[in-house]
Amino acid sequence: MRGEVPVGAVAVRDGIVIASAGNAIERRGDATAHAEMMVLRRAARLHGGWRLDGVTVYATLEPCPMCAGAAWAARIGRLVFGAADPKAGAAGSLYNFAADPRLNHEIDVVPGVRAEECANLLTEFFRSRRTS
């Protein structure tokens, strides 16, 4: 994975995968190249516009504030994630960007899907980085 934190994201519309991506921060040298940002960009290109109504984004890890904000701006309908992120999660853990009544759009959030498997993947990655 080229030293990338193993986070992936998939955008689905009407049961069809329209975009997928993994973290590309290290490879691109771009702090905004999170998996969720990449998948939203790809989905918008393929969809022909930024408004992604009816799209569900699935992610390994709870999105950070940047990614949750981008998901909100893209007007996705649902966000499904595996592992919660108590240090930077913005879909219910630290912040709840997806359900802030002050904003003009709310996102249906389904947390904890295959949470243990996702958390173990991330834990193993960081463990291996500390021991190498």
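## What covers helix α4

In this predicted model, the cover over the buried residues of helix α4 includes strand β3 and strand β4 (78–83). The buried residues in question are C118, L122 and F125, and they cover an arc of only 55° around the axis, which puts them on the same side of α4.

## Strand β3 and its neighbours

Strand β3, which is part of the cover over α4, has 6 of its 7 residues buried, so it is largely enclosed by the rest of the structure. Strand β3 (residues 55–61) runs antiparallel to strand β1, to which it is joined by 5 bridges; within this pairing, V12 has T56 as its bridge partner, while A9 is partnered by A59.

Strand β3 also pairs with β4, here in the parallel sense and over 5 bridges.

## The hairpin of β1 and β2

Strand β1 (residues 8–13) also pairs with strand β2 (residues 16–22), in the antiparallel sense and over 6 bridges. One of the residues to look for in this pairing is V10, whose bridge partner in β2 is S20. The hairpin has 2 residues between the strands, and D14 in this hairpin takes a positive phi near 55°.

## Helix α3 between two strands

Strand β3, helix α3 (residues 65–73) and strand β4 together make a right-handed β-α-β unit. The buried residues of α3 are C67, A68, G69 and A71, and these pack against helix α2 (35–47). Just after α3, R75 takes a positive phi of about 65°.

## Aromatic pairs

How many aromatic pairs does a search of the whole structure find? The search finds 2. In one of them, the rings of W72 and F97 have their centres 6.2 Å apart and their planes at 70°, so the pair is edge-to-face. This pair links distant parts of the chain, since W72 lies in helix α3 and F97 in the loop between β4 and β5 (108–110), 25 residues apart. F97 has a relative accessibility of 28%, and therefore counts as partly exposed.

The other pair is formed by F125 and F126, whose ring centres are 5.1 Å apart and whose planes lie at 80°, so this pair is edge-to-face as well. Is F125 buried or exposed? At 14% relative accessibility F125 counts as buried, because the cut-off for buried is under 20% relative accessible area. F126, by contrast, has a relative accessible area of 37% and is partly exposed.

Definitions and conventions
Residues are numbered from 1 along each chain as its sequence is written. This is a predicted model: local features need pLDDT of at least 70, side-chain atom pairs count only at pLDDT 80 or more; totals for chains, interfaces and linings use all residues. Side-chain values use heavy atoms; hydrogens and water are left out. Two strands pair if DSSP finds at least two bridges between them. Helices (H or I, at least four residues) and strands (E, at least two) are DSSP runs, numbered from the N terminus. Buried means under 20% relative accessible area, exposed over 50%, partly exposed in between (1.4 Å probe, protein chains only). The arc is that of the directions from the helix axis to the C-beta atoms. Contact means heavy atoms within 4.5 Å. A crossover is right-handed if, with the strands pointing away from the viewer, the path from the first strand over the helix to the second runs clockwise. Rings of Phe, Tyr and Trp (its six-membered ring) pair if their centres lie within 6.5 Å; planes under 30 degrees apart count as stacked, over 60 as edge-to-face and the rest as tilted.
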